[in-house]
Amino acid sequence: MPKYEKISNEIRRRIKEGLYSPDEPIPDEISLAEEFGCSRMTVKRALDVLVSEGLLYRKRGHGTFIVKSAMLNGLVNVVSNETLGLTNLLEGRKVTSRVITFEVLFPSDEVASHLCVHANTPVYHLIRLRNVDGEPYVIERTYMPVHLIPGLNETVLHGSIYHYITHELGLTIAGSHRKIRADKPNEFDRQYLQCAPDDPVLELEQIGFLNNGEPFEYSFSRHRYDKFVFVTVSTRR
């Protein structure tokens with residue numbers, strides 16, 4: 001992991017654990033560079049990551065401050081441009097996966113179109129329930145091309161697929177295209193997410209792509225409304 005990512009992860013942890021006052025600027029780049037034993041440019045790059053995530057903002061002449069709305073209690077704060085995966089997003093909490101479906105099949109025309117593959121290209125079809133500290137949070141239905149993400153197995157599915165893609169396969173996840181919508185709970189939501197019949201569900205439709213532009217994931221993640229907040233960050237340059 002690059003040095004700037006380690007620094008951004010550590011500062012993110014400090015922010016989420018309340019180690020920095022939300023009413024005061026965080027330590028300046030020179031102080032942080034001395035603390036982490038790196039260049040000021042490395043620190044700036046680490047802080048840029050957190051600014052783009054909506055955790056920090058810069059106030060000219062005054063320093064870098066925490067975005068208070070990013071510290072909402074009890075909700076998973078998902079920034080619209082964040083492609084971390086649930087395990088990284090909830091670092092420090094116990095995230096477990098229950099595999100409901102794991103199969104290889106030929107994709108429908110719609111799935112093939114979103115993954116930019118032929119209809120005769122084998123793809124994984126996965127359905128997983130993601131629990132956080134023993135409580136159901138999200139149910140995921142995912143399609144991935146077998147040739148692009150080889151070696152997927154039950155062991156990987158019970159952990160972090162994104163960790164496997166980046167650390168075991170050595171691929172770089174560049175980003176995603178997302179659609180977020182509200183929906184009524186379906187049978188799966190009621191059974192696995194323990195939703196009441198009148199609970200709304202947040203559905204995230206996502207196409208994830210690698211740094212060569214190739215789609216590696218087409219997924220639908222259905223989130224419990226009381227566990228997540230999705231945030232869009234808009235900054236004026």
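Modeller: Axes are lines fitted to C-alpha atoms, and angles run from 0 to 180 degrees between N-to-C directions. The model is predicted.

Colleague: Which residues of α1 and α3 meet?

Modeller: From α1, K3, Y4, I7, S8, I11 and R12. From α3, T42, R45, A46, L47, V49 and L50. By class, this contact has seven nonpolar, two polar and three charged residues.

Colleague: Why are α1 and α2 called roughly perpendicular?

Modeller: Their axes cross at roughly 110° and come within 12 Å. The range for roughly perpendicular is 65 to 115 degrees. The crossing at roughly 110° therefore makes α1 and α2 roughly perpendicular to each other.

Colleague: Which residues make that contact?

Modeller: K3, I7, E10, I11 and R14 of α1, with L32, E35 and F36 of α2. Four are nonpolar, none is polar and four are charged.

Colleague: What puts the buried residues of α7 on the same side?

Modeller: In helix α7 (residues 161–168), I161, Y162, Y164 and I165 are buried. Buried means under 20% relative accessible area. These residues cover an arc of only 165° around the axis, so they lie on the same side of α7. In general, an α-helix has 3.6 residues a turn, so residues three or four places apart point the same way.

Colleague: What do the buried residues of α7 pack against?

Modeller: Their partners include β5 (123–132), α6 (154–157) and β9 (215–224).

Technical notes:
Residues are numbered from 1 along each chain as its sequence is written. This is a predicted model: local features need pLDDT of at least 70, side-chain atom pairs count only at pLDDT 80 or more; totals for chains, interfaces and linings use all residues. Side-chain values use heavy atoms; hydrogens and water are left out. Contact means heavy atoms within 4.5 Å. Helices (H or I, at least four residues) and strands (E, at least two) are DSSP runs, numbered from the N terminus. Ala, Val, Leu, Ile, Met, Phe, Trp, Tyr, Cys and Pro count as nonpolar, Asp, Glu, Lys and Arg as charged, and the others, Gly among them, as polar. Angles under 35 degrees count as roughly parallel, over 145 as roughly antiparallel, 65 to 115 as roughly perpendicular and the rest as oblique. Buried means under 20% relative accessible area, exposed over 50%, partly exposed in between (1.4 Å probe, protein chains only). The arc is that of the directions from the helix axis to the C-beta atoms.
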